[in-house]
Every structure is written in structure tokens, then in C-alpha cells.
Amino acid sequence: MYNIKAHAKVNIFLKITGYEKGYHTLLSRFMRVEDLYDTIALVPGEFNTFTLEGCEDISLESNTIYKAYQVLLAPFPKLESFFKNYKVVVTKRIPSQAGLGGGSSDAGAFLRLINSLSQNPLSTEALAKLGSTIGADVPFFVYNYPSANVKGFGEIVEPFNEKPLKLELFTPENIGCDTAKVYQTYNKYLLRTLDLSSFFGWEQMDSVTLLNLINDPIVLNDLYPAALAAYSELENLDTKGWFFSGSGSTFFRVKG
């Protein structure tokens, strides 16, 4: 049996930098959450087709792991026969629609695991490029940096030299934020407020300094006001001292 951890992430900051061809570009600091991860295992057996267990709440065709499997078929043509002898079993711990990148992390970890088993593995850059066809956050999880500045449509991933912070997470029950809806809300109400000079130099600052200096979740994350507009129930939460990750709905703060 083979297995790999698929870690969650938080966005220390997330700023929209533009809008091109129907998609938003961004600048964000992604940080790996060390103590929250899904586990992906390849379990031996006999199977007629690609078999995925542990993600029954989403259709196979929509699952990011299955999408990762599909993009790997071209560089690894023997993969189809490999999965006649193995199934994929996912142990989910990362909540969905929570701004923690669970689906993207699963895809990135699966790509890395399969690549590591190949006799002719792809370069990390080539693997990340494949990952970008699955989702904007997937390249970060392919590179698997503890901390990184992510730019453009998510395809530019630059490691940032700092240790992951010890983070406390708060994901409110019964509030899941649909990423597409939050971005649509941002585009409708907030895109006109874009000011690139307002976050100049942030990518050079370490995460602790940023959180202490800015200390305002609305300023740090452009998607937070959009999430509040799209999901008004977020406003009823006591989140003083917490920061907002991605498109939500998870809040985080530094332990201690």
C-alpha cells in the first residue's frame, strides 16, 4: 500500500490583482497547515476500473483526484492498467467549502504520489502545469512548499523562506462558501475598488509581521467582504482576532 498526506492551506493574505478572460488574477501568501490533512492511500486489489472511496458526497467525474488521474494518463499510459490492481482510498479531514484547499490538495498530493512511483517521473514544473488544468490552487500543492507567494492565475508559485505558523482554525458549522459564488460577488460589487499600490511590498514580508502589522481581515483578504455579502450569516459570528482564509468559510489565528 502507498499513501501520502494532503495538507490544508490558509491564505495569510489574498489580493486580487486583475481580471482577464473571465478569470481573476491574484497575489497571495499560501501557508501549509501542518496538523490538518487528508490521507490518500493506494490499496491493492482487483478492480475493473478506476475506483475511488471516501469521497461519496461528490460524483467521480467532479472529483479532483479523478481529474488528476485523467491528466496523468497521457504521460503515464500504463496508469490505467495500474489501477486494475489498486484503488484510491481517501480519509477526509479537511472540510469542504472552507477556504482550506481540500480538493486542490488532494489532487496535488495524488499527482505527486503517482509521479513518485513512475520510473520516468515528470519534473515538478511539468507536474504543476498539469495541475493547473485541474484548479488554480493545485500547483501550490504540487510544489508542496511550507509557505509560498502565489501569483497570476495560481500558476506562479514562489517559495517563501519561513516556517509554517502554528495555527488555530475555526470552521463554522453549516456555513460552506462556494468559491465561484464568492468570486462572482467580488466581481459584481468590489472589482472597481482594485488598488495595486495598497499592498505593495507584502510579498517580501514574513507572515507574522504581516498579520501583526495589518491586523484587519478585510484588508488582508479581498474575498472576505465578498463572502460577507454572499453569506450574511458570517457576520453573526464572533471572529474578533481571527483572519479569513481564501474564499472561506474558515477563520484562523496564530496559536500562542
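**Notebook: pocket, sheets and buried residues**

I began with the second largest pocket, to whose lining α2 gives the most, with three residues. The model is predicted, so to speak of local features I need pLDDT of at least 70, and side-chain atom pairs count only at pLDDT 80 or more, while totals for chains, interfaces and linings use all residues. Residues are numbered from 1 along each chain as its sequence is written, and side-chain values use heavy atoms, with hydrogens and water left out.

**Entry 1: the pocket**

I noted the terms before going on. On a 1 Å grid over the protein atoms alone, a cavity is a set of points where a 1.4 Å probe fits but cannot get out, whereas a pocket is an open set with protein on both sides within 12 Å along at least five of seven lines, and lining residues have an atom within 4 Å of a point. Helices (H or I, at least four residues) and strands (E, at least two) are DSSP runs, numbered from the N terminus.

The space in the second largest pocket comes to about 400 Å³, a volume being the space filled by probe spheres set on grid points that are joined across faces, edges and corners. I found that α2 (79-82) and α3 (102-117) each supply at least two residues of this lining. Among the lining residues are Pro75, Phe76, Leu79, Phe82, Ile114, Leu117 and Asn120. By class I read seven nonpolar, four polar and one charged residues, where Ala, Val, Leu, Ile, Met, Phe, Trp, Tyr, Cys and Pro count as nonpolar, Asp, Glu, Lys and Arg as charged, and the others, Gly among them, as polar.

Next I looked up leucine 79, which sits in helix α2 and is buried, with a relative accessible area of 7% (buried means under 20%, exposed over 50%, partly exposed in between, with a 1.4 Å probe and protein chains only). Leaving aside neighbours within four places in sequence, leucine 79 is in contact with Tyr69, Leu72, Leu73 and Ile114, contact meaning heavy atoms within 4.5 Å. The C-alpha atoms of leucine 79 and isoleucine 114 are 8.8 Å apart, although 35 residues separate them along the chain.

**Entry 2: the strands**

I took two strands as paired if DSSP finds at least two bridges between them. Strands β1 (residues 2-20) and β2 (residues 23-44) run antiparallel and are joined by 17 bridges, with glycine 18 opposite threonine 25 in β2. The two strands form a hairpin with two residues between them, and lysine 21 in the turn has a positive phi of about 55°.

I then turned to an open sheet of three strands, in the order β7-β9-β8 with antiparallel pairing. Its edge strands are β7 (167-170) and β8 (243-244), each of which pairs on one side only. Four bridges join β7 to β9, and glutamate 168 has arginine 253 in β9 as its bridge partner. β8 pairs with β9 (residues 251-254) over two bridges, where phenylalanine 243 stands opposite phenylalanine 252. β8 and β9 also form a hairpin, with six residues between them, and in its turn glycine 246 has a positive phi of about 55°.

**Entry 3: the cores**

A nonpolar core here is a set of buried Ala, Val, Leu, Ile, Met, Phe, Trp, Tyr and Cys residues joined through side-chain atoms within 4.5 Å. The largest one has 55 residues, and those with the most contacts inside it are Ile40, Phe50, Phe83, Val88, Phe110 and Leu234. Apart from it lies another core, of 21 residues, among them Ile12, Phe13, Val33 and Leu210.

I also looked up tryptophan 202, in the loop between α6 (179-189) and α7 (207-214), which is buried with a relative accessible area of 5%. Not counting residues up to four places away in sequence, tryptophan 202 touches Phe13, Lys15, Arg29, Leu210, Ile214, Val219 and Leu220.
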